[in-house]
Amino acid sequence: RIMKNKLLLFIAILGFVISSCKKLELQPKGILCESELFGTAFGVKKYFTGIYFKLPIEDFIYYANNGYKPGNNNSWEAYKNSLDNMCGQTFGWNVAMNNGFGYWPYDNIRLVNVFINNFPNYKDKYDFATYNSLMGEARFLRAFFYEGMAKRYGGVPIVTEVQDPVNGDPEALMIQRNTEYDTWKFINDDLQFAIDNMSSSSEPGRANKYVAAALMSRSMLYAGRVAKYTQYLGFATEAAVQQGFAGIDPSKANEFFQYAYDAGKVVELGPYYLYTKNYPDKATNFANLFLDLSSSETILLKDYDGLMYGHCYDAMMLPNPDFSS
């Protein structure tokens, strides 16, 4: 009888262990998989939020060499680092200490490429306009990162596929640097797709077709100036210039200027225009340009929430030694 009871107890324990193991194989409920993120417009919004957060915008938490993010443990030091970047010290005498040249956001570009490559699998969950607009928004985000690199380095490796750094072919991972002309053309193509496919309006903090056109106009003007004026800098004998990795043939200048002009005309059709709400009081108008959240000049708004995403610029810069405000 004792042996029988022990056997029943063993069977009961074994059954409990087996059932527990099955439960451990369940997917955790707190993790959003690709189907949850890419399968709904709200999921895509959550996915894009982290990408917007890292866009190369020279704001109050700007790091020239370490991405675009607030500090980790010592926020005050982080904002002093940011001020150092903003006033140009990082690229002057202080460059050796701060390593001011090192912006390579391929981790963020990878996130965008994952979306661009996999989002077509969820096309049947969206109407035609919404699907195209979200895909256009992804192309806008990718162009923004590449513009941040092109301004710094000229031609950079163009990566459009999702690479496998663990199991992939090492040779395939070493992508050749593209010419500066091809890099700016790639940015142009992404932004043109965004302009053609994105919706004409968006919630604050997200892009729309006119935001994409504004970035197009600005970036193509930059590229046109590179083409027109690099020849006067005395770098013609440099290997990078001779191979087209830095600088653009002057004959291409008008091509980029035309892209910039055409995009500017698109911006004029949108809802953004000079802020004149307080005219004829121009002093008040100028102040409210930065304070009025409904300002018609605000093309792309970047929010601060005061918690995870905030800044101490006012506290550090206002002539108020006790920080009372």
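Which helix does Thr183 lie in? Select Thr183 and look: Thr183 sits in helix 9. Keep in mind throughout that this is a predicted model.

**Stop 1: Thr183**

Show the surface around Thr183. Its relative accessibility is 0%, so Thr183 counts as buried. Now display its neighbours, leaving aside those within four places in sequence. Thr183 is in contact with Ala150, Gly154, Gly155, Val156, Ile158 and Asn178.

**Stop 2: the whole fold**

Zoom out and colour by secondary structure. The protein has 14 helices and zero strands. Read along the sequence, the pattern is α-α-α-α-α-α-α-α-α-α-α-α-α-α. Colour by burial next. Of the 325 residues in the protein, 36% are buried.

**Stop 3: helix 12**

Select residues 253-268. This is helix 12, with 16 residues. From first C-alpha to last, helix 12 reaches 23 Å, close to the 22 Å expected at 1.5 Å a residue.

Which residues of helix 12 are buried? Pick out Ala253, Phe256, Ala260, Ala263 and Val267. These residues lie on the same side of helix 12, because they cover an arc of only 105° around the axis.

**Stop 4: helix 10 and its cap**

Follow that packing to helix 10. Helix 10 has 21 residues. It reaches 30 Å from its first C-alpha to its last, close to the 30 Å expected at 1.5 Å a residue.

Which residue caps the N-terminal end of helix 10? Select Asn208, the capping residue. A side-chain oxygen of Asn208 lies 2.9 Å from the backbone nitrogen of Tyr210.

**Stop 5: the largest nonpolar core**

Hide the surface and show nonpolar side chains. The largest nonpolar core holds 59 residues. Phe48, Phe115, Phe119, Phe140 and Tyr146 touch the most other members. Elements giving two or more residues to this core are helix 2 (34-38), helix 3 (41-53), helix 6 (106-118), helix 7 (128-153), helix 9, helix 10 and helix 12. Which of them gives the largest share? Select helix 7, which supplies 13 residues.

Phe119 is then in contact with Phe38, Val44, Val114, Tyr126, Tyr131, Leu134 and Met135.

**Stop 6: aromatic rings**

Switch to rings. How many aromatic pairs does a search of the whole structure find? The search finds 19. Start with Phe38 and Tyr122. This pair is edge-to-face, at 6.1 Å centre to centre with 85° between the planes. Phe38 lies in helix 2 and Tyr122 in the loop between helix 6 and helix 7, so the pair ties together parts that are 84 residues apart in sequence.

Are the two residues buried or exposed? Phe38 is buried, with a relative accessible area of 2%. Tyr122 is buried as well, with a relative accessible area of 12%.

**Stop 7**

Jump to the loop between helix 12 and helix 13, where Pro280 lies. Look at the peptide bond joining Tyr279 and Pro280. This bond is cis, with omega about 10°.

Carry on to helix 13, residues 282-291, and select Asn285 there. Asn285 has 5% relative accessibility, so Asn285 counts as buried. Not counting residues up to four places away in sequence, Asn285 touches Tyr275, Thr276, Lys277, Asn278 and Tyr279. Tyr279 is also one partner in the cis bond.

Finish with Phe286 and Phe290. Both are exposed. They are four residues apart in helix 13, separated by about one helical turn.

Definitions and conventions:
Residues numbered from 1 in each chain as written. Predicted model: local features only at pLDDT ≥ 70, side-chain atom pairs only at ≥ 80, totals over all residues. Heavy atoms only, no water. Expected span 1.5 Å × (residues − 1). Buried < 20%, exposed > 50% of the residue type's maximum accessible area, 1.4 Å probe, protein only. Arc of directions from axis to C-beta. Polar contact = N/O pair within 3.5 Å; in protein donor to acceptor, adjacent residues only side chain to side chain. Contact = heavy atoms within 4.5 Å. Core = buried A, V, L, I, M, F, W, Y, C linked by side-chain atoms within 4.5 Å. Phe/Tyr/Trp six-rings, centres within 6.5 Å; stacked < 30°, edge-to-face > 60°.
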